[in-house]
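Welcome! Take a moment to look over the sequence and the 3D picture below, and then we will walk through some helix contacts together.

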Amino acid sequence: MSEVRPVARSDLRNILKGGATSRILDLHSIALRHGERGAHGEAPFFLHPRLNQAFIVKHTVRAHERPYVMSNQPVVTKVLVPLAQDDLSLGGHAVFVEEIGFAAKMRTLFERPDEPHLLDLDLIRLRELAALPSFDPFLLAERYRNNSRPIAPLYFDISDAEVARMEKTVAEQIVSVVSLAFGSGHSNQDEGRALRFAHSLLSSESDERLSALRQSLDMTLPEFKAGMFGWKGILYYRWSMSEAFAGLKHFLQQIKSASIVGASESERNDIEYMRRQIIDETRARWSSLSSVMEEYDQVFARFSGGEDTNGFKRFLLRAPMCFLNLGHDLSVIGHVPGYWNFWERQNKKGYLHAREALPMFANFVLSITRHAAGSDAAAAPALRRHAAPLIQQPPDLVVASTF
């Protein structure tokens, strides 16, 4: 029987998120909230009940964990299985999807001698999750929208913590729509309505409370449900961009000014080339994100001004087609600066040696650069030999993020 390591984190209450976030898929909280609902068990994330109450985490590999992991990626996917669902302080077991003997260890934890094929299906899904750059709920929803094993929409709600952090920002953006929906001019009462509207929208209660808005948009009930999902996703990514902006700006400033010593002339040329690539490709990612938000701003402004209802309706219904790209772009511009910041905190020298900068910068270039199908992704092969991308490009990523 394969040995499963006890989890290093002694108290799993520290990672409770209330649902899906970019880094943690908290199935434990989803089960507590929705476990009595039929859809939770009829279309589960995982078929094994214990696995369907676990934590799936995007985890930065520590030095002592390297011997277990069959990947040179700094970020891997970890399954955390609580020892007791009613007492997370007891800790649990940890298995990396990328580790040696992953399947055998999962069979030790979730043995199903009567129906072994069901665990095989769960292992396939875990490997699918490992290939994704993040667990943000809208990226997950779009990834599994037409899957042969459907997942109930309740698994893709925004976490409680993120709803609480987003509500005020979203309410400020949509107060004009509330005035339109309730047929009034802007007032203090509308600000209170906007806050309640924001909570309803973000917590998936909107289709019960916003019949006035549905009438304004002239949508059927299925269209309205799909449209509110699209709107919620756009607002989520817009808020995530505002959260990431300061860190991204700091990262670009640090890359531009980083002092590098011990480089030969050819190494200096390579480093300067990579430095420019990192800055240019990061800006291109941000521009791709911004272009979607700029279109949203335009159609939203026309709609909230009482014009072009159909344009806003069409935008909301098409929005999920961009969620894979938006989610991937945000995971890159969040993770790569985060990896730099983690390294920077450990670096007490105030400079990088060339032997550090070359592989690190090459990793950044490969992780940040988007390669269109059929493009020459093998540019600068000497640099690629130094690198393994920090974040894999998902095979089904659509490069053209347009409506």
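At what angle do helix α13 and helix α14 pack, and how far apart are their axes? Helix α13 (residues 323–346) packs against helix α14 (residues 354–368) at about 165 degrees, and their axes are 10 Å apart.

## Before we go on

This is a predicted model, in which local features need pLDDT of at least 70, side-chain atom pairs count only at pLDDT 80 or more, and totals for chains, interfaces and linings use all residues. Residues are numbered from 1 along each chain as its sequence is written, and side-chain values use heavy atoms, leaving out hydrogens and water.

Helices (H or I, at least four residues) and strands (E, at least two) are DSSP runs, numbered from the N terminus. Axes are lines fitted to C-alpha atoms, for helices over the stretch in contact, and angles run from 0 to 180 degrees between N-to-C directions.

## Helices α13 and α14

Because angles under 35 degrees count as roughly parallel, over 145 as roughly antiparallel, 65 to 115 as roughly perpendicular and the rest as oblique, α13 and α14 are roughly antiparallel to each other. On the α13 side, the contact (heavy atoms within 4.5 Å) is made by Val332, Val336, Tyr339, Trp340 and Trp343. From α14 come Glu356, Met360, Phe361, Phe364, Ser367 and Ile368.

These residues divide into nine nonpolar, one polar and one charged. Here Ala, Val, Leu, Ile, Met, Phe, Trp, Tyr, Cys and Pro count as nonpolar, Asp, Glu, Lys and Arg as charged, and the others, Gly among them, as polar.

## Helix α10 and its partners

Now look at helix α10 (residues 221–257), whose axis comes within 7 Å of that of helix α12 (residues 309–318), crossing at roughly 75 degrees. That makes α10 roughly perpendicular to α12. Among the residues in this contact are Trp231 and Ile234 of α10 and Phe312 and Lys313 of α12. By class, the contact has eight nonpolar, two polar and two charged residues.

With α13, α10 packs at an angle of about 30 degrees, and the axes are 9 Å apart. The two are therefore roughly parallel. Their contact has 14 nonpolar, eight polar and one charged residue.

## How confident is the model?

The predictor's confidence in each residue is its pLDDT, from 0 to 100. The chain averages 81, and 84% of the residues score at least 70. Confidence is lowest in helix α8 (residues 206–209), at a mean of 51, and highest in strand β5 (residues 260–261), at 94.

Over residues 372–379 the pLDDT is below 50, and this stretch has five contacts beyond near neighbours in sequence. Residues 393–403 also stay under 50, with 32 contacts beyond four places in sequence. Where pLDDT is low, the predicted coordinates should not be read in detail.
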